[in-house]
Amino acid sequence: MEFTWLDADQIDAQDAAGAVGVLEAARVLDYPHRLGPTVTTFLASLRHGWHGHPPLIGVSRDGRGRVSGVLEVMLPKWGNTHVGGVHVTVDPTARRRGLGKLLYATGVDRVRADGRTLLVAECFDRPPAMGFAKAMGLDEAAEELYRVQDVLTVDWPRLDNEFAEAERHAAGYALTRIPGPTPDDMIADIAHMTGAINDAPVDDLQVEAEAFPPERIRGFEISQAAHRRRFYRLIARHLDSGAIAAHTVVGVDTERPWHAWQYDTSVLRPHRGHRLGLYLKIAMLRWLAETEPQLRTLYTANAASNTHMIKVNDILGYRVVGRAIGWQGHL
C-alpha cells in the first residue's frame, strides 16, 4: 500500500480531489441520507477540524497513483486525552482486498504512538461496516440516530401552539439572536454554557467530560467559516440573574444553501424544566424562515438514549434517516 499523510499547508490538489471522490463514492453507497463533502469542506476539515484542532488525514493510492482510501485519526485535545479515533473509508471499487485492514492498522499505530489507550470508531449500521468493526476486535458501545427535518412541510399552526406553551413555561427567560461569531464580551459565558453538552448520554463509551474553553468556541466558529457555513446561535438569558442559560446552534451551507446542520442544543442544569430546548428550537426555525427562506432540510444526530432531545425533535417533525454504532477497544 502506498500511503501518505496529508500536509494541510502543502496539500496536493489531486490528493484533495481524490479523497473527496472516494468519500463521495462511499457516501452514496453507505449513507446516502447524509450530505457529502466538497473540496472546500474537505480542506476546511484538514486545516481546522471540528473546533480548531484538526485530525490527521492520510490517503492510500493504487498502482496507478489514484486515491483508493482515506484514513482519518482524531486525537482529542480538550479532555479524553486517553482516546484516539480512527475512521477508514475505502473506495467501493477497491474493497474486499485488505486495504481497509491496512489503513486501520496504520491508524491504530498512530493512536498508540500518541500514548492513547482507548480506540473509538463509528459506522452506519450497514452489514459490511459492522462486520469490519467486529473483525477489528471492537465492541459496540453507543448508538446514535440521524434525523432530518423537512423545513418546507413544517406544521406551523401546531408549532405556533407548542411555542406559545413553551414560552409560558419560559417566562423568566429572554431570547437573543447571535448571527456569526460570538461577541467578545459573551465568549466566556457561551463557553461555560456550552459545557452543558457533557450531560448528554454517551452510553457505554468510556469517555470523560470535555472542556470548552473560549479558544474552543472560537475554533469552532473559525471552522464554520472555513466550511463556508452561515452561523446562527440563539441564546436564552435568565432575566433575574442575567446568566446565559441555554442555546441552540445551526450552520447553513452557503454552497448548498438548501441544507443546514442543527448542532448543539444545551441547557445548563439549574435552568432545566422550563421547556427551553423546545422554545429555542422553534424560535430558531422562525429565524431561519426569515433569513434562509430557500432552506429545505435540517440534519441532526442524537444518542438513541437521549430521550429528552428525541422528544423535542419528534415534536418538531424530524424523521429518522440513519443509525450509527459507536465502537471502542482497548490498546
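Biologist: Hi! What should I know about the model before we start?
Modeller: It is a predicted model, where local features need pLDDT of at least 70 and side-chain atom pairs count only at pLDDT 80 or more, while totals for chains, interfaces and linings use all residues. Residues are numbered from 1 along each chain as its sequence is written, and side-chain values use heavy atoms, with hydrogens and water left out.

Biologist: Thanks. At what angle do H5 and H8 pack?
Modeller: Helix H5 (residues 156–169) and helix H8 (residues 276–291) pack at about 135 degrees, and their axes are 9 Å apart. Helices here are DSSP runs of H or I with at least four residues, strands are E runs of at least two, and both are numbered from the N terminus. Axes are lines fitted to C-alpha atoms, for helices over the stretch in contact, and angles run from 0 to 180 degrees between N-to-C directions.

Biologist: What do you call that arrangement of H5 and H8?
Modeller: H5 and H8 are oblique to each other; angles under 35 degrees count as roughly parallel, over 145 as roughly antiparallel, 65 to 115 as roughly perpendicular and the rest as oblique.

Biologist: And which residues make the contact?
Modeller: On H5 they are Trp156, Leu159, Asp160, Glu162, Phe163, Ala166 and Glu167, and on H8 they are Leu278, Tyr279, Ile282, Ala283, Leu285 and Arg286. Contact means heavy atoms within 4.5 Å.

Biologist: How does H8 pack with H9?
Modeller: The angle between H8 and H9 is about 35 degrees, with axes 10 Å apart. Leu278, Lys281, Ile282 and Leu285 of H8 meet Met309, Val312, Asn313, Ile315 and Leu316 of H9.

Biologist: Which residues of H9 are buried?
Modeller: Met309, Ile310, Val312, Asn313, Ile315 and Leu316. Buried means under 20% relative accessible area, exposed over 50%, and partly exposed in between (1.4 Å probe, protein chains only). Their cover includes strand E6 (139–150), H5, E10, H8 and strand E11 (297–303). After H9 comes Gly317, with a positive phi near 105 degrees.

Biologist: New topic: how many residues are in the largest nonpolar core?
Modeller: That core has 32 residues, and those with the most contacts inside it are Leu159, Val250, Leu276, Met284, Leu288, Leu298 and Leu316. A nonpolar core is a set of buried Ala, Val, Leu, Ile, Met, Phe, Trp, Tyr and Cys residues joined through side-chain atoms within 4.5 Å.

Biologist: Where does the largest share of this core come from?
Modeller: From H8, which gives 10 residues.

Biologist: What does Val250 touch?
Modeller: Not counting residues up to four places away in sequence, Val250 touches Arg230, Phe231, Tyr232, Ala260, Trp261, Gln262, Tyr263, Met284, Leu288 and Leu298. Apart from this core lies another, of 19 residues, among them Leu119, Ala121, Ala133 and Trp327.

Biologist: Is Gln224 buried or exposed?
Modeller: Gln224, in helix H7, is buried, with a relative accessible area of 1%. Leaving out residues up to four places away in sequence, Gln224 touches Arg229, Phe231, Gly251 and Tyr263.

Biologist: Last one: where is Val202?
Modeller: Val202 is in the loop between helix H6 (187–194) and H7. Val202 is partly exposed, at 36% relative accessible area. Beyond its neighbours within four places in sequence, Val202 is in contact with Ala141, Ala142 and Val207. The C-alpha atoms of Val202 and Gly326 are separated by 9.5 Å, although these residues are 124 apart along the chain.
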